[in-house]
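This report describes a protein structure for a reader who has not seen it before.

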Amino acid sequence: MPVKGWKYPCKCQPYFIIRRISMRKLMVLCSMLLCSAAFLPQNASAKEIKDVATAKKLAKEKVASSTVTDVDIDHKGSSRVYEVDLLKGNREYELTYKASNGKLLKYEWERMKKPNNGNDQELTKKEIRSLAKKRINHASIQSIHFDYDDGIPEYKVKLKKNHKRYTLVYHGSTGKLLEYKWELKKYKSL
């Protein structure tokens, strides 16, 4: 109920309650709320990975209909990570998860290569640049490198976008994407 003699812009109960609380009490209440928020989990949706089975499950959810070929537990700095290798069709996948929060740190796939017959004409860097920009929109290209891998001409393109670094490997003659990889920039300094 409103106090006699006070003029309120509306008969709103919350306004009345806030008006009656002293500024000191309000500051104490706000600081208590902020302190209690510090003890809440930072990412409620992320799950801690405690065993290999959980890492396999997360990886199979990310790459549906795949087969897990290997799981490694490794340490990057002071953090424990799970590196999961999968196989699906003609692609080999490698996913790296941080154990403490289940965050995907690295996602990479590579197409299993077929031998080259040597009759193909190589694409230009300009054509490869166009393919990479179509694949990763609004990314800045850091480098394009041409090389032969087991007799197969390849272009390796490195890009940056926001907080991720991308590496794309294209077949030098057909322009087919052979490898796709991204990782968080901060992953290097875990």
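The text below covers the sheet, its inner strands, the nonpolar core and the salt bridges.

The model is predicted: local features need pLDDT of at least 70, side-chain atom pairs count only at pLDDT 80 or more, and totals for chains, interfaces and linings use all residues. Residues are numbered from 1 along each chain as its sequence is written, and side-chain values use heavy atoms, with hydrogens and water left out.

**The sheet**

Eight strands form an open sheet in the order β1-β2-β3-β4-β8-β7-β6-β5, with antiparallel pairing. The edges are taken by β1 (67–76) and β5 (140–149), each with a single partner strand, so one side of each has no neighbour in the sheet. From one strand to the next, the twist averages 15°. Strands here are DSSP runs (E, at least two residues), numbered from the N terminus, and two strands pair if DSSP finds at least two bridges between them. Angles are taken between axes, which are lines fitted to C-alpha atoms, and run from 0 to 180 degrees between N-to-C directions.

Strand β8 spans residues 177–184, and seven of its eight residues are buried, so the strand is largely enclosed by the rest of the structure. Buried means under 20% relative accessible area, exposed over 50%, and partly exposed in between (1.4 Å probe, protein chains only).

Strand β4 (residues 104–111) is joined to β8 by five bridges, and the two run antiparallel. Strand β7 (residues 164–171) is also antiparallel to β8, with seven bridges between them. Within this pairing, valine 169 has glutamate 179 of β8 as its bridge partner. A hairpin is formed by β7 and β8, with five residues between them; glycine 175 in the turn has a positive phi of about 80°.

Glutamate 108 lies in strand β4 and stands opposite lysine 181 in β8. Its relative accessibility is 15%, so glutamate 108 counts as buried. Leaving aside residues up to four places away in sequence, glutamate 108 touches Glu92, Tyr93, Glu94, Glu179, Tyr180 and Lys181. Contact means heavy atoms within 4.5 Å.

With that same exclusion of residues up to four places away in sequence, tyrosine 107 touches Lys62, Val63, Tyr93, Glu94, Leu95, Tyr180, Lys181 and Trp182. The largest nonpolar core has 34 residues, and Tyr107 is among those touching the most other members, together with Leu95, Val157, Leu159, Leu168, Tyr170 and Tyr180. A nonpolar core is a set of buried Ala, Val, Leu, Ile, Met, Phe, Trp, Tyr and Cys residues joined through side-chain atoms within 4.5 Å.

**Salt bridges**

The structure holds five salt bridges. A salt bridge is a side-chain nitrogen of Lys or Arg within 4 Å of a carboxyl oxygen of Asp or Glu. The table includes some of them.

| Aspartate 74 | Lysine 76 | 3.5 Å |

Lysine 106 and glutamate 108 are both buried. Salt bridges that share partners join Asp74, Lys76 and Glu83 into one network. Glutamate 83 is buried, with a relative accessible area of 15%.

Terms used: Helix = DSSP H or I, 4+ residues; strand = E, 2+ residues; numbered from the N terminus.
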